[in-house]
Amino acid sequence: MTTAILSALLEEQSGLVAMLQYPQRRVHAGRVFWTGSLHGRSVVLALSGIGKVAAATTATALIERFGVARIVFTGVAGGVGEGVRVGDVVVAQDYVQHDMDASPLFPRWELPGYARARLACDAALSALLLEAAHACVASAQGQFDLKTANATLQVHHGLMASGDRFVSAAHESDRLRTALREAGHEVLAVEMEGAAVAQVCMDYGVPFAAVRTISDRADDTAHGDFALFVQTVASRYADHMVQSFLEKL
Ligand code: ADE
């Protein structure tokens, strides 16, 4: 039973590759896949690429070519929900594609052909990620020079939104949160890949779970906050999270 660990960024993946035992590098569909053993588990490490299509291709390759039994995504996200701060961790309960709009043919956000807007993550894998996230946050507390250094870091569990857009203006994230809320969807964070991987995994019946550390607030300073977080903190979170998760598997 091989577990795929999908990372969004090279910065988040490099620590995992360095720890891999019996590493083998394989190139397929223009992507690099690392197979081997990590913390005693058989894994494939891959980069999702940026955006929904790149992530869907990577997920499909992981399933079709590498026969993975489950896919776990680790990465960063922009905090959109109130109280979701830089340094917090969000474990996805389910996903919506915020740029999916086939209205008036289908209700806003509904995935045509799926009769729903929200795609659920695997409950058992998500529970393990939640435990890993709590362990990770407890040890990260006060360690990093975060924008929210004075606040207690929190773990959240709920709806994540993906779309092919880096949300970098407060008015845009406010609009997204409000529009989703009016339709009964309380969104916690925004990123650019997870919902696509969730859709591919649903198509193939492969369990999927995702955890994202909040790098920015998807507001007017998001681009700078994101870059700083990725350079300084993201890989330490990813290493710890993945270790903790694999040990519980
Ligand atoms: N990933 C991290 N921050 C993000 C943002 N603000 N928008 C989209 N994806 C992100």
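Helices (H or I, at least four residues) and strands (E, at least two) are DSSP runs, numbered from the N terminus. With that settled, let's start at the ligand. Strand 5 gives the most to the shell around the ligand, namely three residues.

Before going on, a word on what you're looking at. This is a predicted model, so to speak of local features takes a pLDDT of at least 70 and side-chain atom pairs count only at pLDDT 80 or more, while totals for chains, interfaces and linings use all residues. Residues are numbered from 1 along each chain as its sequence is written.

Back to the ligand. There are 14 residues around it, and G78, V167, E191, A218 and A222 come nearest; a residue is near if its C-beta atom, placed from the backbone, lies within 6 Å of the molecule or strand in question. Strand 5 (70-79), strand 9 (187-191), strand 10 (208-216) and helix 6 (222-232) each supply at least two residues of the shell. Sorted by class, the shell has nine nonpolar, three polar and two charged residues. Here Ala, Val, Leu, Ile, Met, Phe, Trp, Tyr, Cys and Pro count as nonpolar, Asp, Glu, Lys and Arg as charged, and the others, Gly among them, as polar.

Now zoom out. The protein has seven helices and ten strands. Its radius of gyration is 17 Å, close to the 18 Å that the globule rule gives for 249 residues, so the protein is as compact as a globular protein of that length. (That radius is taken over C-alpha atoms, and the rule is 2.2 Å times the number of residues to the power 0.38.) Along its principal axes, the C-alpha trace spans about 50 × 45 × 30 Å.

On to helix packing. Two packed helices are described by the angle between their axes and the distance between the axes. Axes are lines fitted to C-alpha atoms, for helices over the stretch in contact, and angles run from 0 to 180 degrees between N-to-C directions.

Take helix 7 (residues 234-248) and helix 1 (residues 10-19): their axes come within 8 Å and cross at roughly 45 degrees. The two are therefore oblique to each other (under 35 degrees counts as roughly parallel, over 145 as roughly antiparallel, 65 to 115 as roughly perpendicular and the rest as oblique). On the helix 1 side the contact is made by E11, E12, S14, G15 and L16, and on the helix 7 side by A234, S235, A238, D239 and V242; contact requires C-beta atoms, placed from the backbone, within 7 Å. These residues divide into four nonpolar, three polar and three charged.

Helix 7 also packs with helix 3 (residues 123-140), with axes within 8 Å and a crossing of roughly 135 degrees. This pair, too, is therefore oblique. Residues of helix 3 including L128, L129 and C136 meet Y237, H240, M241, S244, F245 and K248 of helix 7. The contact has ten nonpolar, three polar and two charged residues.

Finally, two backbone details. Most residues other than glycine have a negative phi, and most peptide bonds are trans. Which residues are joined by a cis peptide bond? They are S103 and P104, with omega about 5 degrees, and P104 sits in the loop between strand 6 (89-97) and strand 7 (118-120). Y22, in strand 2 (residues 21-28), has a positive phi near 50 degrees.

Conventions. Contact = placed C-beta atoms within 7 Å.
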